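Biologist: I am new to this structure and would like to learn how to read it. Please take me through it one feature at a time.

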Amino acid sequence: LHLFLKQKSKFMKLKITLLFIALGCIYGSVIAQQKSTLTKDDYKKWERLGSTGISQDGNWAAFTITPDEGNDSLFIVNTKTDSVYKEAFGSGVQFSSDGKWAAYRIGVSDKKREQMEEKKEQVHYKLGLLNLETGKKTVYKEVSSFSFPENGRHMLMKTYKPKDSKA
């Protein structure tokens with residue numbers, strides 16, 4: 001009788017184990033079938049990786065994140081530390097050849113751009129200049145383009161033509 005109860009106990013444990021495995025499989029398949037459908041609001045949350053750049057010494061990387069609806073942000077990241085700089089409406093980053101500076105264009109919000117376009121106004125950009133050693137940022141207004149010469153000691157900036165200029 002004792003042997004019979006011992007075997008029956010093992011059989012019950014096996015049945016219970018198999019029951020839990022079966023329930024787990026059924027639950028998993030039910031959950032897998034309940035995937036939600038994407039809505040228009042879900043698409044608004046999507047983001048794209050935009051332009052990228054890396055300094056010549058490899059210590060700094062930059063990229064833009066563009067949401068489907070919203071404004072771009074530029075991220076400048078130190079690849080060796082946790083330092084991250086973020087600039088709303090930033091794009092087109094360039095690093096100096098000595099790795100000490102990052103320059104980038106600063107635009108305007110989508111809403112402001114639309115307002116300016118409705119008024120037939122030209123969007124004028126700013127230049128952000130970030131000292132990568134100190135983290136100090138300087139912003140220059142009315143800069144249409146910029147570049148670093150090969151030696152990295154200077155920066156070339158081109159400004160917009162003054163409004164009252166006839167040429």
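Biologist: How many of the residues count as buried?

Modeller: This is a predicted model. Of its 167 residues, 24% count as buried. The protein exposes about 12700 Å², and carbon and sulfur atoms supply 55% of that area.

Biologist: What does the secondary structure come to?

Modeller: There are three helices and ten strands. Along the sequence the pattern reads α-α-β-β-β-β-β-β-α-β-β-β-β.

Biologist: Which residues make up the largest nonpolar core?

Modeller: The general idea is that in soluble globular proteins nonpolar side chains tend to be buried together. Here the largest nonpolar core has eleven residues, among them Trp60, Leu74, Val93, Tyr104 and Leu130. Strands S2, S3, S5 and S6 each give two or more residues to this core, and S6 has the largest share, with three. Val93 touches Ala62, Leu74, Ile76, Ala102, Ala103 and Tyr104, leaving aside residues up to four places away in sequence. A second, separate core has seven residues, including Ala103, Leu127, Phe146 and Phe148.

Biologist: What lies around Asn131?

Modeller: Apart from residues up to four places away in sequence, Asn131 touches Lys100, Trp101 and Lys136. A polar atom of the Asn131 side chain also lies 2.8 Å from the backbone nitrogen of Glu133.

Methods: Residues are numbered from 1 along each chain as its sequence is written. This is a predicted model: local features need pLDDT of at least 70, side-chain atom pairs count only at pLDDT 80 or more; totals for chains, interfaces and linings use all residues. Side-chain values use heavy atoms; hydrogens and water are left out. A polar contact is a pair of N or O atoms within 3.5 Å; within protein, one must be able to donate a hydrogen and the other to accept it, and residues adjacent in sequence count only if both atoms are side-chain atoms. Contact means heavy atoms within 4.5 Å. A nonpolar core is a set of buried Ala, Val, Leu, Ile, Met, Phe, Trp, Tyr and Cys residues joined through side-chain atoms within 4.5 Å. Buried means under 20% relative accessible area, exposed over 50%, partly exposed in between (1.4 Å probe, protein chains only). Helices (H or I, at least four residues) and strands (E, at least two) are DSSP runs, numbered from the N terminus. Accessible areas come from the Shrake-Rupley method with a 1.4 Å probe; for residues, only the protein chains shown count as cover.
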